[in-house]
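Here are my notes for your first look at this fold. Keep the structure open beside you and follow the points in order.

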Amino acid sequence: MGKRKHAELDNDVPIFTSYNDCIRPLLDAVDKLRLLKVTKEGIQLPTIVVVGDQSSGKSSVLESLAGISLPRGQGICTRVPLIMRLQHHPAPEPELYLEFKGKTITSDEAGVAEAINLATDEIAGNGKGISNNPLTLVVKKQGVPDLTMVDLPGITRVPVHGQPENIYEQVTEIIMEYIKPEESIILNVLSATVDFATCESIRMSQKVDRTGARTLAVVTKADRAPEGLLEKVTADDVNIGLGYVCVRNRIGDESYEGARKEEALLFDTHPLLSRIDKSMVGILVLAQKLSIIQAIIITRCLPRIVRKIDEKLNAYILDLNKMPQTAISPYELMSSFMGIIGSAKESMRKILIRGEYEEYPDDKNMHCVSRLVEMLNQFFDELVSSSQNDPLKDFLLEEIQVLEESKGIRLPNFLPHSAFQVILRKKVEAISIIPVTFVEKVWHYIEVAMICVVKQHSQNYQQLQSLTTRAGHIIVEKMREQFSSWVMELVEKEKLADYTCSPEFVDAYRMLISQQQIFMDGVLKGDRTSINIEGLGAINVNHLRNHHHDLNQAFDLKMRMIAYWGIVLRRMVDSMALHLRYSLENVVNKEFEKEIFKELMVTHKGRVEKILAESPCVARKRENLKESIKLLRDSKDVLSECMDKITVSSVLVLIFVV
């Protein structure tokens, strides 16, 4: 059976012509995408990546597949990624050419190795250094399989003379870049003469493909180490998920046809190698497997590539449309300027006044109305906690002392208003720093939010961004000063006058004063150490036994102050909130635009064209977006042209696989 299969394949002039018709459209599409350099946009292409330790026989395998001679020599022969595009060509004369650095160099079979060396020197420099800039070799020839492979520099740990000391790290970096993407198929070239588990190329491929699901191994030099080879490729101790193919390298001046015949004879007649299943031996089998794997991976990846191209294209078009058009006439310049200022005002109106934050859905710090409400609530909590300061400790002693100092020539048992004012002023003074601190905190937050908005809306114009940012700082500083003055006036008003029309004061006072007699009886009888007052809690009264005379008035004064102080704190917070809202309306609707025009006239003499000059980085961004959009559109056209063929090809591939 094995001999018959080799004979059938040998009679076919092309290595794998039965697949070429269905594979070619798939490969053409990917090759065109690769030529367009769509990978620059982060779109990975399905690729067969050839890796192997130095002297593993990589060049011999690739020569057998391509039917041409590649550069040979000591050390690293492949110093740049060599993209080999093989294509079955019906004409008797082959076509070979190199593509690199935007130019094309034609060659022939006799001179292609030298042409590759010259091109490599031009890319990587003379000597033995390496480069990550690729070189493409196109081979159109009768009998070659339709394949595209990337041959990478061989892995070496010890640099030879002329190589950089970190040659191993450089090679590793290039290899990992190519084999890491999930779209890459790793063709791992192993020498039969070594232990597979010790091969550096195996170690690298296992890092990115632990299960071996996208790794195919080709074992070279099978004729040199036939002992135990069957066991090595069937045991699979190193996770080669796509299987092994054992080959015999071309020796000396053998023709490629002669080498294939010798290879078939070796695996048919050798007492050890003939025991290896014929589906795992020979360059012909390797070509078949590579072609099938390549077709499957391309068919699987192309829908994802189409989707990624569409997503990136739509995103780039959206970004480009967001960029302002280049204005020319004075009218267009002023229109653009007013449009930017207007959109910035609307954004501030949304986040600072209306509480809308769809422009910043994930940035909670820009949900400004919610954050300002949180600050107001925290402001009230700080006022309450600061003014309490253990109100039940030494209960009524302060009131008794103040009443003593407020005695005058008047009828007894009348509560002196001056005593109430003394205590009120002390309480207001104790919290006076809290509103001032609140003002600083609030306007610092507003300043950060405003500057964020103006920077976003003027990001394409460096001069305008500087102007609007400066105007924003000036506005906030002015409003902070005005707000601080208003707050200090508010505090002074609370010190000077005690008044409220709120019924809450009367209700709270009545509830508290209704417990006066119970409190007095508890103190005067002297049989209780503490008395519970609803709304206040348990109060220690031992210290009040010697203050019978002023106790009624002190209790009355205390209850009035407790009832009124709650009104004062809420009034302060309410006033702060209303004035803050008023100030924000004033900033957005009046001060912002007025200050910007003032800055425009003072610093730029009203020359709008100067502040709307596009910065170099924005111009570069515009050109980069246009280039990316063109590249992606061209890539989309490539895929659109061949999608029908790709669909047919996919069906054929599945038939072949089955």
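1. Start with a buried histidine. Histidine 579 has a relative accessibility of 18%, so it counts as buried, the cut-off being under 20%. Bear in mind that the model is predicted. Histidine 579 belongs to helix α18. Leaving aside neighbours within four places in sequence, its contacts are Phe483 and Trp486.

2. What does phenylalanine 519 touch, not counting residues up to four places away in sequence? The list is Phe395, Leu396, Ile531, Ile533, Val541, Leu544 and Phe555. As background, nonpolar side chains tend to be buried together in soluble globular proteins.

3. Now turn to the sheet. It is open and has nine strands, in the order β4-β3-β5-β2-β6-β1-β7-β8-β9, with mixed pairing. The edges are β4 (103–107) and β9 (244–246), each of which pairs on one side only. From one strand to the next, the twist averages 25 degrees. Helix α4 (residues 112–124) lies across β3 (95–100), β4 and β5 (135–141). Its direction is at about 5 degrees to β3.

4. Zoom in on one strand pair. Strands β1 (residues 47–52) and β7 (residues 184–191) are parallel partners, joined over six bridges. Threonine 47 lies in β1, and it stands opposite serine 184 in β7. Is threonine 47 buried or exposed? It is buried, with a relative accessible area of 10%. A polar atom of its side chain lies 3.0 Å from the backbone oxygen of leucine 45. Beyond neighbours within four places in sequence, threonine 47 contacts Arg34, Val150, Glu183, Ser184 and Ile185.

5. Next, the charged pairs. The whole structure holds 35 salt bridges. One of them joins aspartate 31 and arginine 85, with the closest N and O atoms 3.4 Å apart. Aspartate 31 is in helix α2 (residues 17–35) and arginine 85 is in strand β2 (residues 82–88), so the pair ties together parts 54 residues apart in sequence. Aspartate 31 is buried, at 2% relative accessibility. Arginine 85 is buried too, at 13%. The salt bridges here form a network that links Asp31, Arg34, Arg85 and Glu99. Arg34 is also a contact of threonine 47.

6. Compare two further bridges. Arginine 480 pairs with glutamate 440, the closest N and O atoms being 3.6 Å apart. Why does this pair tie together parts 40 residues apart in sequence? Because arginine 480 lies in helix α15 (residues 462–496) and glutamate 440 in helix α14 (residues 433–457). Arginine 480 is buried, with a relative accessible area of 11%, whereas glutamate 440 is partly exposed at 40%. The other bridge joins arginine 354 and glutamate 346, at 2.6 Å from N to O. Here arginine 354 is partly exposed, at 39%. Glutamate 346 is partly exposed as well, at 28%.

How values were computed. Residues numbered from 1 in each chain as written. Predicted model: local features only at pLDDT ≥ 70, side-chain atom pairs only at ≥ 80, totals over all residues. Heavy atoms only, no water. Pairing = 2+ DSSP bridges. Helix = DSSP H or I, 4+ residues; strand = E, 2+ residues; numbered from the N terminus. Axes fitted to C-alpha atoms, helices over the stretch in contact; angles between N-to-C directions. Contact = heavy atoms within 4.5 Å. Buried < 20%, exposed > 50% of the residue type's maximum accessible area, 1.4 Å probe, protein only. Polar contact = N/O pair within 3.5 Å; in protein donor to acceptor, adjacent residues only side chain to side chain. Salt bridge = Lys/Arg side-chain N within 4 Å of Asp/Glu carboxyl O.
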